[in-house]
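Hi everyone, thanks for coming.

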Amino acid sequence: MTNVLAVGQYSDIDVKALADEFGAVPLADLSQIAGLPEDGRAAVTALAYKGHHALDGQVMDLLPGLKLIANFGVGYDAINVSDASARGISVTNTPNVLNDDVADLAVALLVMESRKLTASENWMRAGNWPAEGAYPLARKMSGRKVGVLGMGRIGREIADRLAAFKCEIHYQSRSRKDAPADWTYHADPVELARSVDDLVIAVVGGPDTVGFVSAEVIDALGADGIIVNIARGSVIDEAALLDALENGRLRGAGLDVFLNEPDIDARFLSMPNVTILPHVGSATAETRAAMGDLQRQNVRAHLAGRPLVTPVN
Ligand code: 8YV
């Protein structure tokens with residue numbers, strides 16, 4: 001019997017790598033754990049997790065010998081870390097290897113929404129150019145004042161890229177960072193939003209940041225602003241966001257993450273002032289390979305009794 005489970009929608013490459021090295025048994029989702037025979041569940045010491053459904057104490061208790069949850073992803077908001085710690089279970093994630101891709105995507109979303117790139121491409125593909133002439137004017141993105149909410153590893157990569165686009169950088173985080181002297185720190189998210197043209201959200205998800213971008217923050221940004229979110233859907237008050245977008249209190253949004261993925265609020269699908277992507281921030285072959293590799297390094301370290309590579313708790 002295996003002592004490693006691979007739970008989630010893994011690529012064939014990852015399933016094979018986890019099976020070849022650890023004899024990991026693949027399960028499509030967490031609900032399948034309960035269906036394993038009791039002695040099989042008792043043998044499991046490591047769970048390689050890829051997904052966004054809640055992995056809490058109830059699930060952990062189905063695996064009484066569990067000692068490691070190795071998350072495929074930097075964000076581990078789906079995992080109840082205090083439940084894990086209370087049971088002596090270590091949690092690991094895959095930080096850093098995805099910073100470039102996620103930061104690239106954040107800037108792309110800001111450019112795409114400002115310049116109306118998806119809309120103008122769709123218009124051209126529909127054959128409108130010869131008959132209608134020039135596409136309506138979009139808005140400039142370079143040189144705007146942009147607020148980065150959350151100046152962690154990904155936030156920093158985003159800000160560095162935006163600085164190269166001649167943007168004036170403002171940021172909010174729990175503490176002032178060692179950042180270029182011309183970047184402006186704000187302790188308060190409303191104060192940040194009031195001071196900038198556009199907002200890029202790069203804070204971690206989880207219970208501490210639910211609704212962090214509130215109606216007040218959105219209104220402080222104002223009707224000319226664009227909000228980009230590459231973090232988690234839970235970080236924005238999504239009802240307030242939809243309301244502001246529908247009622248002209250926000251110019252647009254570039255969103256890679258939503259509440260209830262993949263069954264997102266259907267209003268997003270037909271809104272003209274959003275650029276939406278299906279949570280593809282880290283979805284390149286190179287980065288997903290690096291994430292899988294880092295996840296397996298953690299499982300390997302655990303099975304060999306060595307210190308974990310990227311521990312969370
Ligand atoms: C996902 C992500 O993990 O790393 C994160 O926090 O959101 C993504 O890279 C990805 O959906 C893996 O399934």
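First, some ground rules. This is a predicted model, where local features need pLDDT of at least 70 and side-chain atom pairs count only at pLDDT 80 or more, while totals for chains, interfaces and linings use all residues. Residues are numbered from 1 along each chain as its sequence is written.

Let's start with the sheet. Helices (H or I, at least four residues) and strands (E, at least two) are DSSP runs, numbered from the N terminus. Two strands pair if DSSP finds at least two bridges between them. With that in hand, look for an open sheet of seven strands with parallel pairing, in the order β8-β7-β6-β9-β10-β11-β12. At its edges sit β8 (184-186) and β12 (274-276), each of which pairs on one side only. On average, neighbouring strands here are turned by 15° against each other, direction ignored. For angles, axes are lines fitted to C-alpha atoms, for helices over the stretch in contact, and the angles run from 0 to 180 degrees between N-to-C directions.

Helix α8 (residues 153-164) packs on this sheet and touches β6 (145-149), β7 (168-172) and β9 (198-201). The direction of α8 makes about 165° with that of β7. Touching, or contact, is when the C-beta atoms of two residues, placed from the backbone, lie within 7 Å.

Now to helix α1 (residues 12-22). Which residues of α1 are buried? They are Asp14, Leu18 and Phe22. These residues lie on the same side of α1 because they cover an arc of only 30° around the axis. That arc is the one of the directions from the helix axis to the C-beta atoms. Buried, by the way, is 20 or more other C-beta atoms within 10 Å of a residue's own, exposed is 12 or fewer, and partly exposed is in between, again with C-beta atoms placed from the backbone. On the other side of α1, you find Asp12, Ile13 and Asp20 exposed. The cover over the buried residues of α1 includes β1 (4-8), β3 (46-50) and α13 (285-304). After α1 comes Gly23, with a positive phi near 60°.

Helix α11 (residues 238-246) can be read in a similar way. Its buried residues are Glu238, Leu241, Ala244 and Leu245. Those residues cover an arc of only 125° around the axis, so they are on the same side of α11. Ala239 and Glu246 are exposed on the other side of α11. Among the elements covering the buried residues of α11 are α10 (215-221), β10 (226-229), β11 and β12.

Back to β3, which is mostly covered: five of its five residues are buried. Ala46, Ala48 and Lys50 are on one side, and Leu47 and Tyr49 are on the other. β3 runs parallel to β1, joined by five bridges, and Val4 has Ala46 as its bridge partner in β3. β3 also runs parallel to β4, with four bridges, and Tyr49 has Asn71 as its bridge partner in β4.

Asn71 belongs to strand β4 (residues 68-71). Asn71 counts as buried because 26 other C-beta atoms lie within 10 Å.

Next, the ligand. Around it are Lys50, Phe72, Gly73, Val74, Gly75, Leu98, His279, Gly281 and Ser282. A residue is near a molecule if its C-beta atom, placed from the backbone, lies within 6 Å of it. By class, this shell has three nonpolar, five polar and one charged residues.

Last, the backbone details. A cis peptide bond, with omega about 0°, joins Glu261 and Pro262, and Pro262 sits in the loop between β11 and α12 (267-270). Lys116 has a positive phi near 55° without being a glycine, in the loop between α5 (99-114) and α6 (117-125). Is Lys116 buried or exposed? It is buried, because it has 20 C-beta neighbours inside 10 Å. Lys166, also not a glycine, has a positive phi of about 60°. Lys166 has 10 C-beta neighbours inside 10 Å, so it counts as exposed.

That's my tour, and I'm happy to take questions.

Conventions:
Nonpolar A, V, L, I, M, F, W, Y, C, P; charged D, E, K, R; others polar.
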